[in-house]
Amino acid sequence: MYLNKNNANSKNAFVTIVGRANAGKSSLLNALVGEKIAAVSDKPQTTRTKITGVLTKGETQFVFMDTPGMHKAKNKLSEHMLNAVNESVAGVDLIILMADCTKKISENERELVKGFKTGKTKVILVLNKIDLLENKEDLIAVIAEYSKLFDFIDIVPVSVLEKDGLDIIMEDLEKNAVEGPHYFPDDKFTDQPEKAIMAEIIREKALNNLNDEVPHGIAVTIEQLNERENRNGEAILDVTATIYCERESHKGILIGKGGSMLRKIGQEARADLEDFFQIKVNLQCWVKVKEGWRNREGMIKNFGLE
């Protein structure tokens, strides 16, 4: 493991972001790190595993862990997702509870907060989507309700979409950082391997383009990855990806009439891949059916979702 022992003044903060589905956890992670490393979609349970983002500012390195949204487990994949949440709140310096200020407190959130009371980890409440509130009185009421649940070290109303209030979050994190080494190189922004980032980008485009009944049952794997030069000496990254779904009917939806849907997903993903990796990308996507894979431990492991 990388360990920077050279700077006696260095500090670090390990931060877990937890909360209900669609509260904006992945969007916050991407915004704080300054890179898009987590898939963002309005579909529930977009994030399936712990995704680590790294931000180094001056002497302090912040290590963020995005987690799946809290929900009731319906299959083995859901169980793994909830385990990821529980594991991620152990042994960190800070927890960010991400909440949607336009919604009432959910039972899942109440259960999550109960768990905070048994530990000693400091918790910051981040109330997202303030841009959607019609008046300040609504926000005051939401703050009052959450304040009854737990003694948060700070309550920060934000709009991640408009990047409003993010500086206050960073100030809170800086204040609570601890003396210690940097565990990642200062120019690194994630621990995710290239293939995992690519799969997330492709899955995000599928989520945003598909009907509601399809997204929960898809997974993406990168089968081949190869860099080459074309005749003009320009570098090209050849990427072959497989999108797995659970039903033959879903395969038809994924492919679309005359391949239109798969082509659209591929075009949008390719644009993001080129922007992220700063190289021309040749992306080929295929669709396969693996019935009931979300209840098959072997498949969950193969997809890197355990």
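Start by selecting helix α7 (residues 248–255) together with helix α8 (residues 260–277): in this predicted model, the two pack with their axes 4 Å apart, at an angle of about 60°.

Now show the side chains where they meet. On the α7 side, pick I253, L254 and I255; their partners in α8 are S260, M261, L262 and I265. Colour this contact by residue type and you will find 6 nonpolar residues, 1 polar and no charged.

Next, move to helix α6, residues 194–209. How many of its 16 residues are buried? The count is 12, so to speak a mostly covered helix. Select I197, M198, A199, E200, I201, I202, R203, E204, K205, A206, L207 and N209 to see the buried set. Then bring up what these residues pack against: the strands β2 (51–57), β8 (219–229), β9 (235–245) and β10 (280–289), along with α8, which you have already visited. While you are here, try the distance tool on the end C-alpha atoms of α6: they lie 23 Å apart, which agrees with the 22 Å that 16 residues should span at 1.5 Å a residue.

Last stop: helix α3, residues 107–118. From first C-alpha to last, its 12 residues reach 18 Å, close to the expected 16 Å. Highlight E109, L112, V113 and F116, which are buried. Turn the view to look down the axis of α3: the buried residues fall within an arc of 100°, so they line one face of the helix. Finish on the other side of α3, where E107, K117 and T118 are exposed.

Notes: Residues numbered from 1 in each chain as written. Predicted model: local features only at pLDDT ≥ 70, side-chain atom pairs only at ≥ 80, totals over all residues. Heavy atoms only, no water. Axes fitted to C-alpha atoms, helices over the stretch in contact; angles between N-to-C directions. Contact = heavy atoms within 4.5 Å. Nonpolar A, V, L, I, M, F, W, Y, C, P; charged D, E, K, R; others polar. Expected span 1.5 Å × (residues − 1). Buried < 20%, exposed > 50% of the residue type's maximum accessible area, 1.4 Å probe, protein only. Arc of directions from axis to C-beta.
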